[in-house]
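Subject: Structure handover

Hello,

Here is the structure I promised to pass on. Please open it alongside this email; my notes follow below.

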Amino acid sequence: MSEFLELEAQDGIRMTWNVIPGTKQDAANCVVPVSAIYTPLKLNPDIPVLPYGPLRCRMCRSILNPFSVVDYVAKIWVCPFCFQRNHFPQHYSSISESNVPAELFPQYTTVEYMSTAETGPVVPPVFLFVVDTCMIEEEIGYLKSALAQAIELLPDQSLVGFITFGTYVQVHELGFGLLPKAYVFKGTKEVTKDQILEQMCFFAGKTKPTTGVIAGSRDGLSAESIARFLLPASECEFVLNSIIEELQKDPWPVSADQRASRCTGAALSVAASLLGVCVPGSSARIMAFIGGASTEGPGSIISRSLSEPIRSHKDLDKGSAPLYNKAAKFYEEISKQLVHQGHVLDLFACALDQVGVAEMKVAVERTGGIVVLAESFGHSIFKESLQRIFQSSDNDLGLSFNGIFEVNCSKDVKIQGILGPCTSLEKRSPLSSDTVVGQGSTSAWKMCGLDRKTSICLVFDISKTDGPDAIGQSTSNQFYFQFLTYYQHHEGQMRLRATTLSRRWVAGSGGVQELIAGFDQEAAAAVMARLVSFKMEAEADFDPIRWLDRALISLCSKFGDYQKESPTSFSLSPRLSIFPQFMFNLRRSQFVQVFNNSPDETAYFRMMLNRENVANAVVMIQPSLISYSFQSGPEPVLLDVTAIAADRILLLDSYFTIVIFHGITIAQWRKAGYQDQGHEAFAQLLQAPQEEADTTIKERFPVPRLVVCDQYGSQARFLLAKLNPSVTFNSDNPPPPGGDVIFTDDVSFQVFMDHLQRLAVQ
């Protein structure tokens, strides 16, 4: 496993198969698709930043890399992807075997180019706050204090705009400091760019050009007219703070049996069109703070009457959520507009009930936005996550903008698509596979917003065939991949990061042991989780449990060691041995079991899974459990109900929630106050899991929820729901004294493995 982690530290990539099945048939037999989870902007201080532009192959446009064959005498390099011979340009004339440019160093498989001549002037980022006012006074108070802190943390040169909405949408004119001034739009209609230009007086006293596209200061708008709504943070701090201080609950009356009239869709439509008019193509984020369901105008998800409940998973399955498809279609149009403009939508949804994250998912995910889901604007999940976005610290996000991601592969590999926060640019090429998964039919993707943690999952298609038509195919046994990310760095300049890798392929039945040696079971679990989530949303009547079970049985019967029809003889290589456990926990996880979660929560969990790296995805699928006791130091224990003991503290990390669980004896001692009566060892035992949890919380975004509970307490359900039910209420073997049982009819992992072994050896 450690060699996969070393490769990830160097290049930010984990592949399911590090020795690749060489033909189409072999790849199909391997069940888990050949895929890679890549973190384009992974922080690595060893990556060289080169102060010049890249050298491209004139045939396939791939970039010079350590796998290129170089003739130093003739000054020629051969591209490993298309075998084209390219001449080095004049400024490379001094190269020789003893004077090699950085991009040819074997250890620099990932390099960054920053050519100042090509990047142009540094563009400041734009933050457009879109704030919901249909909330109780207490929530508005929490939101006001959080916004005031965020405004202080904004970079001075960044541009800021401010929109509030309730029954109507108000665009505040920050450049008019004498008194508060706002433009009001009706909440029942979408707003186009032309209406924005006309109604917000962009051409007051001037003639409007009759032809051409009007967009930004380059095309027809004066800088003064833009500065009325988007101002540098340092210039409008006073005006902004006074607007935030005077924020009040939406004044329109709401009767007791009605929901507030909230026009979220219209507000986001105004925000997208305003940015499209003023700053198209520049790095801009719409930050939407939403405290309830949209009930008015486009994108509304529910009627105003409280007698009608908000849609559940059951309603969506039965097709009895009348507004769902219409709202999702509206947000898909918004996402197309934002992607075209190069802008990002971030969503902060804080309410006890649903707000419509499931409908907005498409717009947030395709623009690479951030999503934070909490119960209240006063909750630490929201407050700390919002601060983390703007704070500069060791764990800061390094928000980058306007990325374009391109892929180059050897000609026997095609790409089916990407699962993750990006949008296909519909740039079809010989690399595009006919089978499409996620964002496909292209070899280039737009990533409007990306940060150091954004990870995308590329699914490949091996197109090499066996037989007579295989003669003309490449003879070397290496496949090459190159990933190019062209993006605007968080410091403002444009950069290009290039990662090139090579993987060996094997064909035929002789290569099974080599395939097993190169199998990365953690990456495979993360890919299967993304795939099953995608299929559950994209395919009607898809049965996720059956699909995962069949995949696991096929994998075990291909790669397991056993004698036919003898389940007891079954064993798996250490490279595969944890994979069934991952699949068992994935079947029980919130990605597959939507019961007891709202559509909003499910959408949130899947969006987070789709943007996190392998290590974090594995924690979401199979939480980690650490035990603290007097007998031993902190040690990992099995995710099983037998881990519970009266004299233990357990620390569960399930990514979204961190649980500190005190055994009943420990809880009684703590309540008796022994830790304050000079019992140092006990005080330290209580402190250790708390410190570990604090460290995890500091590193993670969005900030997880911390639950501190005692055995037999009501909050203990957060731990019990994740444990393997090896001891249930109807087990023959009772738990040890101080242990616990789980009241469930779910099968335990042992029963699951017995069935798997029986089916795999058939």
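This is a predicted model: local features need pLDDT of at least 70, side-chain atom pairs count only at pLDDT 80 or more; totals for chains, interfaces and linings use all residues.

Strand β6 covers residues 76–78. It is joined to β7 by 3 bridges, and the two strands run antiparallel. The sheet itself is open and has 3 strands, in the order β5-β6-β7. Its pairing is antiparallel. Which strands sit at the edges? They are β5 (69–71) and β7 (85–87), each of which pairs on one side only. From one strand to the next, the twist averages 25 degrees. As a reminder, strands of a sheet pair through backbone hydrogen bonds.

**Cysteines**

A disulfide is a covalent bond between the sulfur atoms of two cysteines. Cys60 is partly exposed, at 21% relative accessibility.

Cys236 is in no disulfide either. Its nearest cysteine sulfur belongs to Cys278, 14 Å away. Is Cys236 buried or exposed? Cys236 is buried, with a relative accessible area of 0%.

**A helix pair**

Next, look at helix α14 (residues 521–538) and helix α16 (residues 579–588). They pack at an angle of about 25 degrees, and their axes are 10 Å apart. That angle makes α14 roughly parallel to α16, because angles under 35 degrees count as such. The crossing of α14 past α16 is right-handed.

Which residues make the contact? From α14 they are Gln521, Glu522, Ala524, Ala525, Met528, Ala529 and Val532. From α16 they are Phe579, Phe582, Met583 and Leu586.

**Met607**

Met607 is in helix α17 (residues 599–609). Met607 is buried, at 4% relative accessibility. What does Met607 touch, leaving aside its neighbours within four places in sequence? Its contacts are Val357, Lys361, Val364, Glu365 and Val371. Take Glu365 as one of them. Met607 and Glu365 are 242 residues apart in sequence. In space, their C-alpha atoms are 6.9 Å apart.

**Backbone points to check**

Some background for this part: most residues other than glycine have a negative phi, and most peptide bonds are trans.

- Pro702 lies in the loop between α20 (680–699) and β28 (705–710).
- Asp541: phi is positive, about 55 degrees, although Asp541 is not a glycine. Asp541 sits in the loop between α14 and α15 (544–559). Asp541 is exposed, at 81% relative accessibility.
- Tyr712: phi is again positive, about 70 degrees, and Tyr712 is not a glycine. Tyr712 is in the loop between β28 and α21 (717–720). Tyr712 is exposed, with a relative accessible area of 53%.

Best wishes

Methods:
Residues are numbered from 1 along each chain as its sequence is written. Side-chain values use heavy atoms; hydrogens and water are left out. Two strands pair if DSSP finds at least two bridges between them. Helices (H or I, at least four residues) and strands (E, at least two) are DSSP runs, numbered from the N terminus. Axes are lines fitted to C-alpha atoms, for helices over the stretch in contact, and angles run from 0 to 180 degrees between N-to-C directions. Buried means under 20% relative accessible area, exposed over 50%, partly exposed in between (1.4 Å probe, protein chains only). A disulfide is a pair of cysteine sulfur atoms within 2.5 Å. Angles under 35 degrees count as roughly parallel, over 145 as roughly antiparallel, 65 to 115 as roughly perpendicular and the rest as oblique. A crossing is left-handed if the near helix is turned anticlockwise from the far one by less than a right angle, and right-handed if clockwise. Contact means heavy atoms within 4.5 Å.
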